[in-house]
Amino acid sequence: MEFTISILALPLISFLILALAGMKLPHKVAGGIGTASLAIVAILSYVTAIQYFGAGRGADGLFPTITPYNVTWLPLGETLHIDMGIMLDPISVMMLIVISTVSLMVHIYSFGYMKGEKGFQRYYAFLSLFTFSMLGLVVATNIFQMYVFWELVGVSSYLLIGFYYTKKEAIAASKKAFIVTRFADLFFLVGILFYGYYAGTFSFTPDVRLLASAGIVIPVALGLMFIGGAGKSAMFPLHIWLPDAMEGPTPVSALIHAATMVVAGVYLVARMFPIFIEYAPEVLHTIAYIGAFTALYAAVVACAQTDIKRVLAFSTISQIAFMMVALGVCTSADPHEGGLGYMASMFHLFTHAMFKGLLFLGAGAIIHAVHSNERSFMGGLRKYMPVTHITFLIACLAIAGIPPFSGFFSKDEILTACYSYSPIMGVFMSGVAALTAFYMFRLYYMIFWGKSYYETELKKYQKGEIAEKPHAPHEAPWTMTTPLILLALVSCIAGFIPFGKFISSNGHAYEIHLNAAVAISSITLAVAGILTAAFIYRKDSNRVILSVKVQSKKFIIAAYHRFYMDELWLFVTKRIIFKGISRPIAWFDKHIIDGFMDLLATASQAFSYSIRRFQSGNIQSYCIWFLHGVIILALILIFLV
Amino acid sequence: MIPAEYYLVLAALMFFIGVFGFFTRRNLLAVLISTELILNAIDINFAVFNAYYYPEHLEGFFFTMFAIGIAAAETAVAIAIILNVYRNMGTIRLKNLKKLKF
């Protein structure tokens with residue numbers, strides 16, 4: 001498996017070439033370099049997966065953990081050292097496939113979407129940097145390497161959100177994303193240091209005796225790490241950056257803020273899962289409750305948004321929360337006895353990456369066609385964009401959990417895991433799943449059905465009410481539709497992958513079997529959600545009746561404003577932290593610490609001013625002073641010594 | 001024989017006349033001449049102390065000769081500096097040479 005190093009090296013090389021020489025290259029060549037390197041990476045990832053899973057299980061019935069490369073980067077002590085390397089195990093190989101597939105699709109798609117943009121080469125350079133860091137994160141051999149790449153991922157996300165750097169909102173959004181995730185990463189780092197100190201290693205397989213003797217510290221360290229993961233994975237209340245991150249180019253949202261980077265938190269918890277389940281099950285269950293609340297919150301907010309990318313952003317938050325819940329409801333490492341959630345979470349991660357990537361890319365195609373994010377500029381687009389329409393519909397069915405699309409299978413496993421943890425959790429999550437179906441189809445009907453904005457405008461133009469001829473929406477070019485079709489195919493078939501054969505909580509093969517009661521109830525709920533959405537949003541007349549009623553409802557308005565979470569954060573930071581803590585500290589710094597230093601400077605300056613007259617430039621007066629000195633010295637020598 | 005004190009008084013007078021001239025003259029050349037007076041006063045001291053108190057040694061005389069040689073060289077350098085000052089500033093009056101100050 002030595003060739004795996006090139007999976008990391010190729011995107012890095014492509015980043016360096018594009019970053020250093022990119023601006024001199026024509027657009028097609030620059031994009032070609034990035035896409036070609038990613039295509040090779042994707043092929044290598046598939047080869048890795050085939051070889052890894054093809055080699056079969058070892059004598060103990062587990063897939064072996066292979067470490068083709070491991071270099072000691074920073075030796076800190078006898079046992080404590082920071083390594084850099086590549087580690088292959090079932091979940092990292094699965095992530096390699098997810099990342100390289102979605103990234104390749106986004107690279108191809110961006111040819112059409114970003115065509116003619118200023119900074120096209122820079123865009124591809126950042127995409128390569130992101131892919132490199134994300135791949136480095138998943139193959140990390142130890143938690144510290146993961147942290148290093150974790151931050152690199154954060155930087156590339158910052159760069160890509162702020163890609164349109166002349167747009168004020170984009171700059172604000174990129175800063176917000178960076179600061180919020182950095183704030184969470186502080187806890188992650190503290191957690192890593194705790195873990196490193198008490199477990200004596202940064203690796204994922206610490207000495208069991210040390211862990212057992214560390215006591216309460218290990219749950220604390222894992223809890224702190226989860227806060228880092230919650231920041232990246234946009235768990236409540238650290239989710240505020242993700243909706244704003246939609247200011248970046250849409251393919252970037254598909255890659256980073258839907259499919260790959262935001263699941264890093266889930267991946268982190270999955271990575272530390274053996275330690276979580278053994279030493280900190282109560283932390284794991286807390287994660288489940290946080291996840292469940294986030295899932296509901298985000299789903300409710302998604303029902304009230306009008307910007308289609310915001311709807312998708314909140315849907316992402318909600319779906320990632322599903323994955324967190326699935327991990328959190330695990331009560332043992334055995335998939336047959338309460339450990340099903342681990343497999344379900346990874347399965348959902350896989351299928352969600354594909355269909356959410358597809359949804360975002362479809363949204364990009366729509367935005368490309370109508371030049372707006374707002375739903376009021378859409379409507380009736382199914383006639384104009386047939387390919388986008390069908391692929392978007394497939395993705396919606398997948399996320400709503402309608403068989404045979406992939407989302408059904410993974411969500412069903414999650415719900416089964418929830419029911420086996422506690423019926424309340426199961427019912428709660430089923431309800432959120434029904435909401436998911438509702439808001440996705442609300443979005444779908446608003447975009448593709450109803451009265452067409454274009455046709456309305458065209459009629460106005462023909463009547464002479466507006467001077468400018470409206471611009472007809474058009475199907476996206478082939479570079480954009482190909483990834484859509486490919487991802488739609490994956491979304492159709494991914495559910496039939498025998499996922500439990502490859503990944504399960506204790507590594508042994510697990511046969512996925514659908515729980516009939518859960519499956520039937522979740523399909524019923526999903527269909528109910530879809531029908532409600534269809535009833536309200538399919539025809540404009542129904543929508544108008546309801547929207548009049550709904551406009552006055554405070555709850556809907558609050559949901560549209562995301563329950564004022566951003567305002568709450570602003571209040572906390574501006575009023576409490578800035579005014580209550582930062583101001584006094586700044587005052588102390590300015591007046592006490594700086595004041596003392598200023599005093600020293602002012603005193604010596606005043607003294608210097610008082611004696612500067614001596615430097616008159618008149619040589620003879622210098623000589624007189626010199627003579628006085630000599631005379632005094634002579635007197636001292638004569639009379640005192 | 002003339003008592004040593006006479007020579008010493010003469011040397012002291014010359015020294016302080018030189019110091020006075022150095023401090024009060026306005027012309028750089030006059031200041032230079034004053035320094036020569038100071039140097040010569042010192043030379044007299046050397047010679048007198050050698051001749052009166054350590055007649056068997058010669059260091060004082062040698063030192064005097066040495067100082068005269070050095071003084072000649074130093075005067076040449078000083079004159080060169082003064083000439084350059086005159087070329088650049090157009091004057092050698094000390095009152096006007098006050099550029100090196102705070």
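The buried residues of H10(A) pack against helix H3 (90-113), helix H4 (120-138), helix H5 (143-161), helix H9 (241-244), helix H14 (308-328) and H15 of chain A. Helices here are DSSP runs of H or I with at least four residues, strands are runs of E with at least two, and both are numbered from the N terminus. A residue is buried if 20 or more other C-beta atoms lie within 10 Å of its own, exposed if 12 or fewer, and partly exposed in between, with C-beta atoms placed from the backbone.

Helix H10 (residues 250-259) of chain A has 10 of its 10 residues buried, so it is largely enclosed by the rest of the structure. Among them are A:Thr250, A:Pro251, A:Ser253 and A:His257.

## The model

This is a predicted model, in which local features need pLDDT of at least 70 and side-chain atom pairs count only at pLDDT 80 or more, while totals for chains, interfaces and linings use all residues. Residues are numbered from 1 along each chain as its sequence is written, and chains are lettered from A and ligands numbered from 1 in the order in which they are written.

## Chain A overall

Chain A has 26 helices and 2 strands. Its C-alpha atoms fill a box of roughly 115 × 80 × 50 Å along the principal axes. Of its 641 residues, 49% are buried.

Two residues are in contact if their C-beta atoms, placed from the backbone, lie within 7 Å. Take the contacts in chain A with a separation of 6 or more: 79% of them join residues 24 or more positions apart.

## The nonpolar core

A nonpolar core is a set of buried Ala, Val, Leu, Ile, Met, Phe, Trp, Tyr and Cys residues joined through C-beta atoms within 7 Å. The largest one holds 209 residues, and A:Val269, A:Val325 and A:Leu327 touch the most other members. Helix H15 (residues 340-370) of chain A gives this core its largest share, 20 residues.

Leaving out residues up to four places away in sequence, A:Val325 touches several residues, including A:Ala288, A:Ile414 and A:Met429.

## Two packed helices

Helix H11 (residues 264-271) of chain A meets H14(A), with axes that come within 10 Å and cross at roughly 10°. That makes H11(A) roughly parallel to H14(A), a label for angles under 35 degrees. Axes are lines fitted to C-alpha atoms, for helices over the stretch in contact, and angles run from 0 to 180 degrees between N-to-C directions.

A:Val266, A:Val269 and A:Ala270 make the contact from H11(A), and A:Ile320, A:Met323, A:Met324 and A:Leu327 make it from H14(A). By class, this contact has 7 nonpolar, no polar and no charged residues. Ala, Val, Leu, Ile, Met, Phe, Trp, Tyr, Cys and Pro count as nonpolar, Asp, Glu, Lys and Arg as charged, and the others, Gly among them, as polar.

## Helix H18

Helix H18 (residues 423-448) of chain A has 26 residues and should span 38 Å at 1.5 Å a residue; its end C-alpha atoms are 37 Å apart, which agrees. The expected span is 1.5 Å times one less than the number of residues. H18(A) is largely enclosed by the rest of the structure, because 21 of its 26 residues are buried. A:Gly450 follows H18(A), and its phi is positive, near 75°.

## Chain B

Chain A puts 10 residues into its contact with chain B, and chain B puts in 9. The chain A side divides into 4 nonpolar, 5 polar and 1 charged.

In chain B, B:Ala71 lies in helix H3 (residues 59-89). B:Ala71 is partly exposed, with 18 other C-beta atoms within 10 Å. Beyond its neighbours within four places in sequence, B:Ala71 is in contact with B:Glu36 and B:Leu39.

Notes
Parallel < 35°, antiparallel > 145°, perpendicular 65-115°, else oblique.
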